[in-house]
Amino acid sequence: MTQSPLTVPLRAIWNALYWTHERATWQYDVMVIAILAFVWLTPPDWLRDPTASGSGPIGWLIHFFR
Amino acid sequence: MTFTGLIGAICMFPLRAIIAVCVRFRIHPNVLTFIGVLINFAAAWALALGRFVLAGVVMVVANIFDFIDGKVARELEMESPFGGFWDSVMDRFSDISLFIGLIYLYSSLRRTDYVMIAALAMMFAILTSYTRARAESLVEKCKVGFMERPERIVLFMIGAFTNRMGAVLWVILILSILTVADRIYFTWRELNARNAKPRMA
């Protein structure tokens, strides 16, 4: 039986949502990197952060390439 | 070795020395747990005042106590069912106090949106531990979902030290909702599978 080309990405999304992996696995590392990227790269202004301001690294890059 | 595993191994070096000191002086693990909660209250106070770096430093100290209590109990052969119960109850005090600190801060800044985000994150953080505790009274183990207490604490520290508490609260909220949903689904599936077996036999 041939697998649909959507099977792999859908399975990856399902595995990220329904989390069954242990700590100190490569899946855990990928999740940690994704979280840190969101926390540090998202401009605080986009989230209307009450205690931080500025456009953050993504904003600097957008500004740089404009 | 994964990079999170490596960070854990590096952090264990100073912690081993602290554990050895506590074992040498035979400090009762329940006392260590209680001291950790008291220090966490101080961290919550610093968060409420918007002094994030101070809060981060205090959280590091508080969580050293929180981390070593179980290890000291094992070394001193003082492990007990009450110790486990006391530890989980004190953990909830610590968790909730940090969220209350942030709720106080955002309400003093008149930011109702972040008061709600912090309150919802607190609700799902409590439900994360509740669903596991309740599930494990029905099924053997319920350890699914990403956002458990250690992840939450490290995120709080990252948010405090780098002044990205807004983003951290969003992450805690969304991943805690998913964790609660994972645990409900897992328990439902396990119980269904268990009920299906006798019928098939």
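**Loop residues in chain A**

I looked up Ala24(A) and found this residue in the loop between helix H1 (7-17) and H2 of chain A; helices here are DSSP runs of H or I with at least four residues, strands are runs of E with at least two, and both are numbered from the N terminus. The model is predicted, so I kept to its limits: local features need pLDDT of at least 70, side-chain atom pairs count only at pLDDT 80 or more, and totals for chains, interfaces and linings use all residues. Residues are numbered from 1 along each chain as its sequence is written, while chains are lettered from A and ligands numbered from 1 in the order in which they are written.

Phi of Ala24(A) is near 60°, a positive value in a residue other than glycine. Ala24(A) counts as partly exposed because it has 16 C-beta neighbours inside 10 Å. The cut-offs are 20 or more other C-beta atoms within 10 Å for buried, 12 or fewer for exposed, and partly exposed in between, with C-beta atoms placed from the backbone.

I then turned to Arg48(A), in the loop between H3 and helix H4 (56-65) of chain A. Its phi is near 50°, again positive in a residue other than glycine. Arg48(A) has 11 C-beta neighbours inside 10 Å and therefore counts as exposed.

**Chain A against chain B**

I noted 24 residues of chain A in contact with 27 residues of chain B; contact requires C-beta atoms, placed from the backbone, within 7 Å. On the chain A side, helix H2 (26-41) and helix H3 (44-47) each supply at least two residues. H2(A) gives the most, with nine residues. By class I have 16 nonpolar, four polar and four charged residues on that side. Nonpolar covers Ala, Val, Leu, Ile, Met, Phe, Trp, Tyr, Cys and Pro, charged covers Asp, Glu, Lys and Arg, and the others, Gly among them, are polar.

**Chain B**

I recorded seven helices and zero strands in chain B. The C-alpha trace spans about 60 × 50 × 35 Å along its principal axes. Buried residues make up 38% of the 201 residues.

**H3 and H6 of chain B**

The axes of helix H3 (residues 52-75) and helix H6 (residues 149-162) of chain B come within 7 Å and cross at roughly 150°. Axes are lines fitted to C-alpha atoms, for helices over the stretch in contact, and angles run from 0 to 180 degrees between N-to-C directions. H3(B) and H6(B) are therefore roughly antiparallel, a term for angles over 145 degrees. Among the residues that meet, I listed Phe52(B) and Met59(B) in H3(B), and Phe156(B) and Ala160(B) in H6(B). The contact has ten nonpolar, two polar and no charged residues.

Note on methods:
Angles under 35 degrees count as roughly parallel, over 145 as roughly antiparallel, 65 to 115 as roughly perpendicular and the rest as oblique. Two residues are in contact if their C-beta atoms, placed from the backbone, lie within 7 Å.
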